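Here is a friendly briefing to read alongside the model. Keep the viewer open and follow each topic as it comes.

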Amino acid sequence: MEQEKINGNKEPSAEASSYRCSACHGDEDWGPGHPLRGRAKSRSLSAAPVLASAREFRRTRSLHGPCPVTTFGPKACVLQNPQTIMHIQDPASQRLTWNKSPKSVLVIKKIRDASLLQPFKELCAYLMEENNMVVYVEKKVLEDPALLSDDHFGPVKRKFCTFREDYDDISNQIDLIICLGGDGTLLYASSLFQGSVPPVMAFHLGSLGFLTPFNFENFQSQVTQVIQGNAAVVLRSRLKVRVVKEPRGKKVAVPNGISENGLLAAGLDVEVGKQAVQYQVLNEVVIDRGPSSYLSNVDVYLDGHLITTVQGDGVIVSTPTGSTAYAAAAGASMIHPNVPAIMVTPICPHSLSFRPIVVPAGVELKIMLSPEARNTAWVSFDGRKRQEIRHGDSISITTSCYPLPSICVRDPVSDWFESLAQCLHWNVRKKQAHFPEDEEDVEDADKEGGEERAGS
């Protein structure tokens with residue numbers, strides 16, 4: 001029976017000269033003197049639970065997940081700090097630095113929002129005229145009638161570099177990303193970069209703004225500080241999702257290049273005849289029952305072992321960043337983005353004991369329709385690219401080595417708790433009033449009198 005290898009890699013030979021070790025930050029080879037040399041065994045998953053249980057499973061990488069790439073775009077990286085805690089860099093020490101001064105910036109603006117036109121024009125004029133930067137925008141942004149009719153903005157508009165989603169690849173041309181809008185603009189920015197993501201500076205000009213900490217009033221000084229490399233940054237982990245589908249009916253056409261912001265991981269596999277598409281997800285992967293009135297019935301494997309069958313409306317697999325989104329609404333805990341973890345949250349499970357769980361970032365989850373499922377399932381990635389999952393299809397989810405570097409106003413801890421209080425009203429309530437001083441004196445006197453009576 002054919003077995004699907006993790007990440008499409010071949011099994012390492014026992015005589016192989018070197019291996020990769022994520023415990024050694026993912027980049028060093030396992031030389032002859034490495035303490036883990038000789039212990040590695042290949043990892044493979046099979047769609048059949050019998051094979052998964054028959055073979056002993058041994059892990060070949062750290063539970064903490066892959067060490068994230070700390071270079072973002074052509075010119076940005078995280079300032080290296082040797083002090084680490086459990087493979088996790090101290091959030092207070094994560095600072096942005098530039099190898100070279102940034103020259104190109106991608107401005108993402110919420111479409112069809114008239115209130116953003118003036119901030120958009122001010123920001124672009126400042127970037128071009130004051131900082132002499134090349135500004136990229138999506139082509140449909142400049143097609144807004146309000147911008148087309150603005151004669152004063154004409155000279156600035158002619159300097160833009162434009163692109164079209166799903167057609168133009170700008171991943172290697174952008175040094176910095178600036179978002180104007182709500183949290184959706186940050187999710188959209190993430191979807192444009194299926195590999196390394198440039199630093200993202202997000203201004204709160206939308207409705208919620210949990211992921212957009214900057215206010216636009218002082219944008220000139222804030223943008224200048226970021227360009228100079230004077231800013232804290234939080235690395236928001238993403239999920240690498242691989243969807244493998246069985247071919248059905250007539251031959252499946254393979255599109256060229258990037259397909260709906262999903263990289264064609266292997267196109268059509270000639271050996272097994274399956275189509276594989278890969279996505280980078282910032283918030284969550286949602287598997288639900290779609291339009292069917294039947295319960296969703298999907299099997300969840302963790303590192304090749306069947307851990308549970310989800311019966312209900314579906315299941316959410318989220319990053320720590322996504323823990324404050326759909327997962328929180330479904331009853332999950334909220335996790336700080338610096339915690340290396342993956343959260344699994346059921347949606348309205350048909351079981352009172354099915355509670356959300358948090359698993360290490362280094363595991364691989366695989367989700368498939370149960371053999372006895374009465375209906376198909378549907379999957380979406382950060383609320384986009386919704387598609388149907390049938391029997392024989394599989395969804396593999398791991399932590400990506402390409403995080404999204406989000407620039408902070410102050411630091412990762414302060415910004416996160418500020419967002420919890422301001423946006424979600426976490427633990428916000430009126431404080432309990434203290435006793436007046438005279439009542440406290442009366443209480444003390446009563447207490448002293450009681451003690452005297454007890455001792456007499």
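Which residues form a nonpolar patch on the surface? Leu-208, Val-413, Phe-417, Leu-424 and Trp-426 do, and together they have about 430 Å² of accessible area. Patches here are made of residues with over 30% relative accessible area and no salt bridge, where like charges are joined within 9 Å and nonpolar side chains (Val, Leu, Ile, Met, Phe, Trp, Tyr) within 5 Å. A salt bridge is a side-chain nitrogen of Lys or Arg within 4 Å of a carboxyl oxygen of Asp or Glu.

Please note that this is a predicted model, in which local features need pLDDT of at least 70 and side-chain atom pairs count only at pLDDT 80 or more, while totals for chains, interfaces and linings use all residues. Residues are numbered from 1 along each chain as its sequence is written, and side-chain values use heavy atoms, with hydrogens and water left out.

**The chain overall**

- The chain has nine helices and 27 strands; helices (H or I, at least four residues) and strands (E, at least two) are DSSP runs, numbered from the N terminus.
- Of the 456 residues, 46% count as buried, where buried means under 20% relative accessible area, exposed over 50%, and partly exposed in between (1.4 Å probe, protein chains only).
- The accessible surface of the chain comes to about 23,700 Å², and 50% of it belongs to carbon and sulfur atoms; these areas come from the Shrake-Rupley method with a 1.4 Å probe, and for residues only the protein chains shown count as cover.
- Among contacts between residues at least 6 apart in sequence, 69% join residues at least 24 apart; contact means heavy atoms within 4.5 Å.

**Parallel pairing around β9**

- Strand β9 (residues 134-138) is mostly covered, with four of its five residues buried.
- Strand β8 (residues 104-109) pairs with β9 in the parallel sense over three bridges; two strands pair if DSSP finds at least two bridges between them.
- Between β8 and β9, the chain passes through helix α2 (residues 117-130), and this β-α-β crossover is right-handed: with the strands pointing away from the viewer, the path from the first strand over the helix to the second runs clockwise.
- Val-135 in β9 is the bridge partner of Val-105.
- Strand β10 (residues 161-163) also runs parallel to β9, joined to it by three bridges, and Phe-163 in β10 is the bridge partner of Glu-138.

**A covered strand, β26**

- In strand β26 (residues 394-399), six of six residues are buried.
- In a regular strand the side chains alternate between the two faces of the sheet.
- On one side of β26 lie Ser-394, Ser-396 and Thr-398, on the other Ile-395, Ile-397 and Thr-399, and all are buried.
- Strand β14 (residues 239-245) runs antiparallel to β26 and is joined to it by six bridges; here Val-244 stands opposite Ser-394.
- Strand β23 (residues 365-369) is also antiparallel to β26, with four bridges between them, and Lys-366 has Ser-396 as its bridge partner.

**A three-stranded open sheet**

- The strand order is β3-β4-β7, and the pairing is antiparallel.
- The edge strands are β3 (71-72) and β7 (96-98), each of which pairs on one side only.
- Two bridges link β3 with strand β4 (residues 76-78), and Thr-71 stands opposite Cys-77 in β4.

**Helix α5**

- Nine of the ten residues in helix α5 (residues 183-192) are buried, including Asp-183, Tyr-188 and Leu-192.

- Leu-208, a member of the surface patch, lies in the loop between β12 (200-204) and α6 (219-227).
- Leu-208 counts as partly exposed because its relative accessibility is 38%.
- Gly-290 sits in the loop between β17 (284-288) and β18 (296-302), and its 23% relative accessibility is why Gly-290 counts as partly exposed.
- Leaving aside residues up to four places away in sequence, Gly-290 touches Trp-378 and Arg-386.
- The C-alpha atoms of Gly-290 and Thr-376 are separated by 8.0 Å, although these residues are 86 residues apart along the chain.
- Ser-380 belongs to strand β24 (residues 377-381) and, at 9% relative accessibility, counts as buried.
- Ser-380 touches Glu-284, Val-285, Val-286 and Arg-386, again not counting residues up to four places away in sequence.
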